[in-house]
Amino acid sequence: MNTMNDASDTAVLLSLRDVHVHFNTPNGVVRAVSGVSLDLAVGETLGLVGESGCGKSTLGKAIMKLVPIAGGEIRIEGSDIAPLDRRQLIDMRRKVQMIFQDPYGSLNPRSTVGRSVAQPLTLAGWKPDAIAERVETLLRWVGLPTDAKQRYPHEFSGGQRQRIGIARALALSPKLIICDEPVSALDVSVRAQVINLLEDLKGQFGVSYLFISHDLSVVEHIADRVAVMYLGMLVETGGRDQIWRSPQHPYTKALLAAAPIANPKIARTRQRTVLQGELPSPLDPPAGCPFHSRCPIAQARCQAEKPVLRPVGGGALAACHFV
Amino acid sequence: MALPLEVRGLSTTLFTRRGEMKAVDGLSLSVGAGETVALVGESGCGKSLSALSVMRLLPDPPARIVGGEVRLNGRDIVPLPEEGMLAIRGKEIGMIFQDPMSSLNPVATVEKQIVEVLRAHTDLGRWQARARAHELLELVGMPDAARRLDEYPHRLSGGMCQRVVIAMAIACSPSVLIADEPTTALDVTVQAQVLALLKKLQADAGMAMVFITHDLGVVAETADRVVVMYAGRKVEEATVDELFETPLHPYTAGLIGATPVPGAARAERLADIPGMVPPLNGLPQGCAFAPRCPRVMERCRQERPELTQPATGRLVACFAAERG
């Protein structure tokens, strides 16, 4: 696969091959993720972008083994996670952790912050003394006061709760943190604090991020490489600058053109092609290329034949017949 | 001629068990025909309560207007009784909210909801109103408009629901449109469609628009003028170009620094604003922004800065900006 090229000179931390996730619903099978192949290198931040229902969060959960995969392979440091039993899974989760959009919903409201942050350590069999020391270190790293230990989640603001979530994710020194819309619920000024914290921690500990977000400005700021999803499929991947300077897939182009830019001069002078229509239902995706129903350059072939990812220059890959 | 909307010294207070909180404190703003004024700030800054005050839709209790005027085409509507407001809402002033699903009646068809607005404010007969409802849906770019008339809201996507809400808001050609985070719940490609639609409708009808948002990207794309709010008060007002080029208030500068701009020269770190927005019942004595401000002076902690016009002629409430 060509995706290997992107990460060939460094060690591959996470490798996805033809991953499928299906959900059975009363109205039929939803193919939330269909055939995604991706690599993430050690120390890399990969931005995973797309609109609601494109499967980006489901893919993140599949990597955590929170949802079962219907096909394909997920490897972390080379080992397939599918056959892992309970004990091996705990071991795997030392390496991979996750933080969520709603930090309040992901913390136990009846547990003190200290206990929540300590939980992964307890599960990993740490001794109480070592745990207490580690919790204090973690809280300091994420910029929370040490007395936060005895307090409850409701006493904290949204930004502080996200810091608690990050502290817990860092507890066992993971190699990869899956960040699922971690700043989407935060106010602008606090959002910048959390983004800066994530970048600082990366510099300090060399952790990699799979950064899932619908906010393209944030992804452009934080990611080294970007993967764009549409209706469960990967439509384009490439280096951050490559994607922003010369997006190839018509959907990536439309997505970038639609993202508001916080600069009136740039906003006025750039091209604006407003994409028509809305996302098709994932219950009944279009045949052929999933994007053809909204694509400005679609032709007859797109309705019949599903395009595959292929190199389009500059190390980028795009799934389109006409680029 | 009077401006479509002129707000002067509007104050709205929340009367709660934990005391009185000044949610909106002496807000003034005016919007001309065809103009878009963005009201910007973070959660709890009072931007949505300002909009609800202007519409006289405040939840009372606990919120009540305690001072100021809201002049709609020259007439102060603050003293009007509710019956008077019923005749005005939807006719002279329209409103679009963040969550289109909850602004629509789930057990009424799209057609019925639009017809209801038309019948309340115009002399149109039942059939004329139905025809007009169809026209309005076409106007707001509803795909397959004729068929959608008979649908219930749950059958429509978020973007389509927001189009229905917009159709209802502009049904009687109001002179003022208030849009409170109208695209925040929408996907980015649908957001672009709705923003383009609002701009076009506004240009065609010459509506005055107040656009409330926390998203500086949306501000840069839509606004002519911007009013920045912090802790219930206006801290800066400027044209959109002035504001982004030379923000005067440290809070405005902080918001802009904290927002990544793709394509612009990349800063290594985002400029974050330390701390968080203070609670309304725990505002500091002097300037509300002083505890987070990089340019804070001793005076800021004692005394609250009023809006003034330093040399540039722009409005800002900051002692440091006054000194230049």
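**Talking through the model**

Analyst: Let's start just after α4(A), where Gly125(A) takes a positive phi of about 85°. Helices (H or I, at least four residues) and strands (E, at least two) are DSSP runs, numbered from the N terminus. This is a predicted model, where local features need pLDDT of at least 70, side-chain atom pairs count only at pLDDT 80 or more, and totals for chains, interfaces and linings use all residues. Residues are numbered from 1 along each chain as its sequence is written, while chains are lettered from A and ligands numbered from 1 in the order in which they are written.

User: Which residues of helix α4 of chain A are buried?
Analyst: In α4 (residues 113–123), they're Val113(A), Gly114(A), Ser116(A), Val117(A), Ala118(A), Pro120(A) and Leu121(A). Buried means that 20 or more other C-beta atoms lie within 10 Å of the residue's own; 12 or fewer is exposed, in between is partly exposed, and C-beta atoms are placed from the backbone.

User: And what covers them?
Analyst: The cover includes α5 (128–141) and α6 (158–170) of chain A.

User: Switching to chain B. How many helices and strands does it have?
Analyst: Chain B has 13 helices and 11 strands. Buried residues make up 48% of its 324 residues, and its C-alpha trace spans about 70 × 50 × 40 Å along the principal axes.

User: What's the strand order in the open sheet?
Analyst: The seven strands go β6-β7-β8-β3-β9-β10-β11 in chain B, with mixed pairing. Strands count as paired if DSSP finds at least two bridges between them. β6 (93–96) and β11 (315–316) of chain B are the edges, each pairing on one side only.

User: Which helix packs on that sheet?
Analyst: Helix α1 (residues 47–55) of chain B does, touching β3 (36–40), β6, β7, β8 (208–213) and β9 (225–230) of that chain. Touching here means contact: C-beta atoms, placed from the backbone, within 7 Å. The direction of α1(B) makes about 150° with that of β7(B); axes are lines fitted to C-alpha atoms, for helices over the stretch in contact, and angles run from 0 to 180 degrees between N-to-C directions.

User: How do β6(B) and β7(B) pair, parallel or antiparallel?
Analyst: They're parallel, over four bridges. Ile96(B) has Ala179(B) in β7(B) as its bridge partner.

User: What about β4(B): which strand do eight bridges join to it?
Analyst: That's β1 (residues 5–16) of chain B, running antiparallel to β4 (residues 63–72). Glu6(B) stands opposite Arg71(B) in β4(B), and Arg71(B) also has a bridge partner in β5(B), namely Asp76(B). β4(B) and β5(B) form a hairpin with two residues between them.

User: Why is Ser173(B) called partly exposed?
Analyst: Because 15 other C-beta atoms lie within 10 Å.

Terms used. Contact = placed C-beta atoms within 7 Å.
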